[in-house]
Amino acid sequence: MKDTPVTDLSIGKPLSRVDARQKVMGQALYAAEHAVPGVVHGVLLTSSIAKGRMRTLDTSAAEKAPGVLAILTHRNSPGVPAYQDTKANNNPRLEGQELRVFYDDQIHFSNQPVALAIADTLEHAQHAATLVRVQYDATPPETNLAAHRNRGQKPKKADDYLRGQANAYQQAPVRVEQEYRTPVQVHNPMEPHAAIARWESSQKLTVYNKTQAPALAKQDLRRMFQLPEDGVQVHSPFVGGAFGGASRIWPQEVAAILGAKLVGRPVKVVLQRQQMFNLVGYRPHSLQKVGLGATPDGQLVGITHEAFGQTSRYEEFAERIVDPTKSAYRSPNLNTRYQLVPLDLSTPAWTRGPGESSGSFALESAMDELAYALNMDPLALRLQNFASVDPVGDKPWSSNYLRACYEQGAARFGWSKRPAQPRATRDGEWLVGWGMSMGIYKAERSKASARAQLFADGRLVVQSATADVGPGTATIMSQIAADASGIPVENIRFELGDSSLPPAPGQFGSHTAASVGSAVHAVCTALRQQLLELALRAPEWAKRQLTAPEVVAETGGFRQARHPKNHLTYAAILRQHNLMGLDLTRDADKGPEQEKYSGKSFCANFVEVRVHENTGAVRVSRVVSALDVGRVLNHKTARSQVYGSVVWGVGMALMEDARMDHRYGRFVNNQLAEYHVPVCADIPPIEVVFVDEPDQHLDPMGAKGMGEIGLIGFTAAIANAVYHATGKRIRELPITPDKLL
């Protein structure tokens, strides 16, 4: 069979989002918007201390309030079976014991749920929550990472790394050694986290929630409540931003489930904005020491990267904060060390570009400092130390077009015109600076499944229990399905966000396109092959005894190569075999190529900033982001994804900082009036450059992950530009005016 001409392919085209109309028409249902009959409302009351115990808990007044059905606390909770089983209570993706909601009188962090007021209306539940009275026996909390770094310990699932000689940078002719800091930063999506829980029987639970991983959420709830395989169904068709904050089951979901069991009715729980600051994870504070050593011509001799992160006392959350350093540059000597400090805080979570975003700020800032110490152009230094293979294990890259990112990004930006000395460019009262950085992030795939249902009228429905937290998953999966099946994309519907669909990994870690896309490609390719076999046996064609090479595949059907007028559509093929449709399911798992090759996505960031000399105000005025993400599946949604990375990067670099009063272990700017995020006026013109070269090894589409890569290193590019503008090196984010004056 000859395939469809390349010019007819759907992959790569800037197709608008297939669910756009649903969203703009208000037809897309988010977690709190599902119409569940008989639903009542739950409002969480949370602790005012960070450590200690509840001495008294008085719910009597709240229970008598109008419309109240119950006040759920640890005293009347139906209980989570896994809480009695330490092994079952252990989240398989983290070490330790997840927070036990409404379990006892102990307080582990400020804002911990202590009661859930359940009432017939939201207003009645809100009022009842204010009537619950709690008295505490408080213990002074330990929440300051810097003050307690001496208690750092090696994570159970993260080992120190050594290549060559440790601390070899100290013997190099030219060296830099500095400490860099990143603050706690909060996801703050527009859509608050919410859950509606309904028990249909003691062994059947339905949850409408905000999750990046319906299949994983189902398995976690099965484990926690010890339910059978078909005992849990999770619905999450639309997610209004998550960034890692919806990557696991959180207290509000457990509270809704327990509340529904207690009152015998579906219960809806929606978090308030201040509760989202530490009930659904956050980017942890980090302290990092980076040492770099090089020869006078810029060749790296050694790299040392040591990092401290924070976690809760009850769970161990570890992230890949030093991983970019291991593979970013060719250096014969490199050692990394990562330690965690357990504190009286809630557990952090993966936050877009997780630890790599924090770690790359330190590494790429240090590389800029080394460039100045060498009197060398920062881009030339990076090119000098380009790694032609992955230094970790000397594996060949599955593909690596980082040099092209450097070249094309620099050309678009005009990097060659950059003056070498800081403070060399001025525009009135504004100092102008240029900075750059590189980014590296894993590109891999996991096992996923997909189902394809072809109907007699030519419509195709493809299903997989993945999620779409914003990048346009349904759109690119429809494009992959169109090319693999030969069915026009407008006749395809991709269904996701339901745990009853074929299992798929969560949408995090930049592997959805490669993982779920491979499953969609596999099932749609199998569908097309089955249709070809049916066509060859169709009464109109069987008499010619055609073979597959004598048939040309085209959109929606097949044509005989020697007799082009002889054409069969898919619908006609089904009719000739008296079939109402076809229904196939296929799995796709990572192959041996992931053992033979190192899969990574790459980027080069070029940034211009303006710094007001008298006030210290910083404005990002221009950005060029050049990316190697393999084959770009949809140029419109991909570009939008990079825009999102740049916006987040501006916030990380210049604004976002969850400030804590360590006396009480509480965030003091826990709302959007004081936790600053970028608005449209803060965002400059953004030029996105895609190298757009397929990766021949990772997956059949040639794609690599791009969800995180646009953010990796970006904050360092801003910090480096600020130094170039002012001559002042800022090593602690965010870069605020007080640090520049």
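S398 is buried, at a relative accessible area of 8%; buried means under 20% relative accessible area, exposed over 50%, and partly exposed in between (1.4 Å probe, protein chains only). The model is predicted: local features need pLDDT of at least 70, side-chain atom pairs count only at pLDDT 80 or more, and totals for chains, interfaces and linings use all residues. Residues are numbered from 1 along each chain as its sequence is written, and side-chain values use heavy atoms, with hydrogens and water left out.

**Around S398**
- S398 sits in the loop between α9 (378-384) and α10 (402-413); helices (H or I, at least four residues) and strands (E, at least two) are DSSP runs, numbered from the N terminus.
- The side chains of S398 and D695 are joined by a polar contact of 2.6 Å.
- A polar contact is a pair of N or O atoms within 3.5 Å; within protein, one must be able to donate a hydrogen and the other to accept it, and residues adjacent in sequence count only if both atoms are side-chain atoms.
- Not counting residues up to four places away in sequence, S398 touches Y597, S598, G599, K600, D695, Q696 and H697, where contact means heavy atoms within 4.5 Å.

**Around E98**
- E98 belongs to the loop between β4 (95-96) and β5 (106-107).
- With 5% relative accessibility, E98 counts as buried.
- Its side chain makes a polar contact of 3.0 Å with the side chain of R223.
- Leaving aside neighbours within four places in sequence, the residues in contact with E98 are N89, N91, R223, M224, R248, Y314 and E315.

**Helix α8**
- Helix α8 (residues 354-374) has 21 residues and spans 31 Å from its first C-alpha to its last, close to the expected 30 Å; the expected span is 1.5 Å times one less than the number of residues.
- A kink of about 25° in α8 is centred on S360; the bend at a residue is the angle between axes fitted to the seven residues ending there and the seven starting there.
- Of the 21 residues of α8, 19 are buried, so the helix is largely enclosed by the rest of the structure.

**Whole protein**
- The protein contains 18 helices and 31 strands.
- Buried residues account for 61% of its 741 residues.
- Along the principal axes, the C-alpha atoms fill a box of roughly 85 × 75 × 50 Å.
- Among contacts with a separation of 6 or more, 81% are between residues 24 or more positions apart.
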